[in-house]
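Please walk me through this structure, one side chain at a time. I would like to follow the charged pairs and then the aromatic rings.

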Amino acid sequence: MNLVLFGPPGAGKGTQSKLLTEKRSLPQLSTGDMLRAAIEAGTPLGLACKALMAKGELVSDETVISIIAERYDQPDCKNGAVFDGFPRTVPQAEALDKMLAERGRKIDLVLELKVDDAALLARVESRIKAGGVLRSDDTPDTLRHRLQVYYLNTAPLIGFYKAQGKLKTLDGMAAIPEVTRQIDAALDGVAAKA
Ligand code: ADP
């Protein structure tokens with residue numbers, strides 16, 4: 001099964017992908033994590049992306065499409081994967097469909113976590129106040145910018161996947177176990193159809 005977890009920054013995609021990975025043995029393919037690992041390792045790719053990511057801008061479609069294709073060809077993706085934070089633009093979604101089709105696969109379901117902007121800003125502000133570990137792009141100003149980038153570039157994917165009949169919208173404002181329950185119910189629906 002191939003799933004896309006979709007939603008604005010801070011919606012809880014990472015949290016839910018990790019839970020899905022544990023339960024369904026599908027690897028979590030997070031382009032954000034892969035790019036941060038490249039920065040940490042000091043690779044040329046990491047160096048090229050570092051400033052853009054710190055500002056909350058998207059890195060190029062070609063960059064993320066190639067890292068996803070390379071990662072998807074690893075043996076642990078033989079039964080599919082959970083895509084987290086990818087695709088983020090329509091060209092990325094088209095490239096993902098093409099990459100999967102070339103491998104005789106497809107996206108089974110796109111789970112949209114719907115949350116409101118005020119709640120997302122409040123989440124980051126409370127993380128800052130709590131003095132927890134913060135990413136360089138976890139400041140209120142950068143988050144505001146990441147939200148603009150989301151609405152401009154990523155939100156059009158809602159229509160793209162709706163047209164394919166693959167979109168399932170969930171209440172991302174609910175507590176973590178409740179969101180997990182909604183995801184389980186949506187996946188059971190897919191399994192029943194298969
Ligand atoms: P969040 O969902 O909280 O914004 P991510 O970890 O998914 O965080 O992404 C962090 C940053 O990494 C993004 O703001 C962007 O700069 C870059 N990035 C991650 N995935 C993509 C992608 N699919 N396309 C372009 N840029 C990406």
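**Charges and rings**

Asp137 is buried, at 8% relative accessible area. Here buried means under 20% relative accessible area, exposed means over 50%, and partly exposed lies in between, with a 1.4 Å probe and protein chains only. This is a predicted model, in which local features need pLDDT of at least 70 and side-chain atom pairs count only at pLDDT 80 or more, while totals for chains, interfaces and linings use all residues. Residues are numbered from 1 along each chain as its sequence is written, and side-chain values use heavy atoms, with hydrogens and water left out.

Which partner does Asp137 meet in a salt bridge? The partner is Arg146, at 3.9 Å from N to O. A salt bridge is a side-chain nitrogen of Lys or Arg within 4 Å of a carboxyl oxygen of Asp or Glu. The idea behind it is simple: side chains of opposite charge can pair when their charged atoms come close. Arg146 is buried too, at 12% relative accessibility.

Now turn to helix 7, which covers residues 140–154. Helices (H or I, at least four residues) and strands (E, at least two) are DSSP runs, numbered from the N terminus. Arg144 and Asp141 form a salt bridge, with their closest N and O atoms 3.0 Å apart. They sit 3 residues apart in the helix, so about one helical turn separates them. Asp141 is exposed, at 59% relative accessibility. Arg144 is partly exposed, at 38%.

Glu178 is partly exposed, with a relative accessible area of 28%.

Some charges join up in groups. Lys23, Arg24, Asp184 and Asp188 form a network of salt bridges. Across the whole structure, the search finds 13 salt bridges.

Asp84 lies in strand 3 (residues 81–84).

What does Asp84 meet instead? Its side chain makes a polar contact of 3.4 Å with the side chain of Ser17. A polar contact is a pair of N or O atoms within 3.5 Å; within protein, one must be able to donate a hydrogen and the other to accept it, and residues adjacent in sequence count only if both atoms are side-chain atoms. Beyond four places in sequence, Asp84 is in contact (heavy atoms within 4.5 Å) with residues including Leu5, Gly14, Gln28 and Thr31.

Last, the rings. The structure has 5 aromatic pairs. Rings of Phe, Tyr and Trp (its six-membered ring) pair if their centres lie within 6.5 Å; planes under 30 degrees apart are stacked, over 60 edge-to-face, and the rest tilted. Phe6 and Tyr150 make a tilted pair, 6.0 Å between centres and 45 degrees between planes. Phe6 is in strand 1 (residues 2–6) and Tyr150 is in helix 7, so the pair ties together parts 144 residues apart in sequence. Phe6 is buried at 3%, and Tyr150 is buried at 6%. The rings of Tyr150 and Tyr151 are edge-to-face, because their planes stand at 75 degrees, with centres 5.2 Å apart. Tyr151 is partly exposed, at 40%. Ring pairs link Phe6, Tyr150 and Tyr151 into a cluster.
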